[in-house]
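The following paragraphs guide the reader through a structure, from its overall form to single residues. Please keep the sequence and the model in view while reading.

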Amino acid sequence: MKFAHNPLLAELLPAWRARAMLIVMMVLFGGLVARAFWLQAVDNEFYQRKGEERFSKVLPTPASRGRVLDRNEQVLAMSTQVSAIVAEARPTRADAKANPRDIGAEKLTPSQIRQLADLLGMDHREIERKIPDQRGRGYLKHQVTPEVAQQIMALKLPGIRTEPEYRRYYPHGEVSAHVVGFTGSDDNGLEGIELAMNRPLTGQQGSRRVITDARRNVVEDVETLQPPRDGGDVRLAIDTRLQFLVHSRLKQAVTEHKARAGSAVVLDARTGEVLALANWPTYNPNNRAQLSGAPLRNRAFTDTYEPGSTIKPFVAAMALDAGRFTSDSLVDCAGKLHFGKYSIGDAHSHGTLSLAEVIQKSSNIGIAKVAAQFTPSEMWHIYDQVGFGSPIKLGFPGEAGGRLRPAASWKPVEQATMAYGHGMSVTLMQMAHAYTVFARDGDLIPLSLTRVDTPPLNGLQVFSAQTAREVRHMLELAAGPGGTAPQAQVPGYRVAGKTGTAHKLEGGAYANKYIASFVGFAPVSDPRYIVAVMIDEPSNGVHYGGQVAAPVFSDIMNSMLRASGIAPDMPVPPLQMARNTAIVKEGM
Amino acid sequence: MLRLHFALILLVLASAIALVSSQHRSRTLHTQLEREHERMRVLEVEWGQLQIEQGSLAAHARIADLAESKLKMHAPERNHVMVVDTAEGEQ
């Protein structure tokens, strides 16, 4: 057989066919070149973007919330990072096709779920319920500690991831709860300083674009889209040591007198700083389950009460300042004072008293007679100047202003009752603040919840320095042996202060329930601290401010003066007393 | 001429390889930096936790409680306190 012979090859083709083929191929090739040029140089955006999506990522840069510190840098509130455990069902079909091993949490085996439940301390049925079946994601548990989160990630379960979260801790718990407040689960302030200073405390999360390699390590920072900003620290004026003293003494007093509630405030007379602020009942801000109801109320700021006799020194100061009275001016305080159908009396009847004795013995009749020498608008002006009737505006949530009606609407009997603190209402913080005029030389300085490093020199001058000195002396008498509150005394120190016992208003009428209060300062020779105490409805037999609130004042003041090492300004008698008991003890 | 071209081509090649290697080095170093940043963050979290721990362990409420229950201590009563006069103390 002859294989070399092929009739088809023997036939000669026309030359144009080969040439035509060549041209067609050239044109097609040209098309490819043009397309390549188009994609590389002109319309290159689309593929570049697709490529970038594969290797570049935008990552958040975390920023934390600032701390709340006390005046000595003790931590009162601080955020720390914790984790939320998230279960993700397989996100999309395309992802599943691209990476078949990337299955979602819906494929977890019962034993894996049980393992997870053990680590999280949850019931395995609950976890099964929380895992989404089809797509989407479910939070298994919030606020998981880093150790537990690490153990869970070490299990390498499919579809189980962690997400960063913050949790705020309050190491001092209920002791400073009302000052510091607390934050919600989104780390935003809901109460107290956390709310009042939310803006400076809050950090700003940043973001950056990075290039990652196949193992998702960041290999290059492309750009910072937004720099992160950590929240600033807030340094309060509170001294946790004093705060604890005040808190525990107040708690003891409320329990002892079976009272409904109580508040105590400590101010620094030189700087206007709030050194301690305690309320009872209180709450533990670390326990989110109980963050509701009455214990949350920061009573010293939000609850107003009729101040009672604690207001009398302001009337006396007004009388002295106007020059119409001196400390020795006599006032007839016998019997009762009648205004139409109303009459005003004293708990214990007195004869003729000097103005100083009116304050010392706390005579309602006496102070009402003094007030009657002045017009309602003169009196209103003084009350307004020392801050009654308008909120202190420290930025605290729910701060109350109290009630002080315009002078034009005061009837004579109302002017008389307002001279001894009924028919108007104040907050304990306002009352403590107002007393700075007596603790200082007649001027009122603004309060501060944050630490003050340069004390204000002069505030608003309400009374003359001479008047303030005379009222200080009257208040010292009131806290002395012949006054209404001898129990306010502190061994070794001269203290001054005024009691208040006010009936509570219930449904427009005065009930047989009381608010006992005491506001005072020490040492009298150079006043340093102002302490205001208010006990709501003491109902264990005694209800007078001198019996209920004054001992609290005395104990708080005593511990404070000793703790801060202030030199005693009244020597001898306590020394003798201490010696005697010590000797008796030894003899036994 | 040809020799010069050859030398230049060699230089270009060398610089190209150097570029690749320096890019690689920069990326490894960056990964390392990133890892250190991560470590810093972890340490910061730990530092925060330690501060909180210290705060709650040193809380006055806890100390007072321990002093009373474990050490059977109590604050001295008023009449057991002696105020020492410095003038008398020096004598």
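Chain A has an average pLDDT of 85, and 92% of its residues score at least 70; pLDDT is the predictor's confidence in each residue, from 0 to 100. This is a predicted model, in which local features need pLDDT of at least 70 and side-chain atom pairs count only at pLDDT 80 or more, while totals for chains, interfaces and linings use all residues. Residues are numbered from 1 along each chain as its sequence is written, and chains are lettered from A and ligands numbered from 1 in the order in which they are written. Over residues 574–588 of chain A the pLDDT stays under 50, and the model has 13 contacts beyond four places in sequence for this stretch. Two residues are in contact if their C-beta atoms, placed from the backbone, lie within 7 Å.

Chain A contains 22 helices and 19 strands; these are DSSP runs, numbered from the N terminus, with helices (H or I) of at least four residues and strands (E) of at least two. The radius of gyration of chain A is 38 Å, well over the 25 Å that the globule rule gives for 588 residues, so the chain is more spread out than a compact globule. This radius is taken over C-alpha atoms, and the rule is 2.2 Å times the number of residues to the power 0.38. The C-alpha trace of chain A spans about 160 × 60 × 50 Å along its principal axes. Among contacts in chain A between residues at least 6 apart in sequence, 70% join residues at least 24 apart.

Of the 588 residues of chain A, 41% count as buried. A residue is buried if 20 or more other C-beta atoms lie within 10 Å of its own, exposed if 12 or fewer, and partly exposed in between, with C-beta atoms placed from the backbone. In helix α2(A), the number of buried residues among its 28 is zero, so this helix lies largely in the open.

At least three residues of the core come from each of domain 1 and domain 3 of chain A.

Some backbone details remain. Most residues other than glycine have a negative phi, and most peptide bonds are trans. A cis peptide bond joins Trp280(A) and Pro281(A), with omega about 5°; Pro281(A) lies in the loop between β10 (274–280) and α12 (299–302) of chain A. Lys393(A), which is not a glycine, has a positive phi near 60°.

Technical notes:
Domains from an automatic or database assignment.
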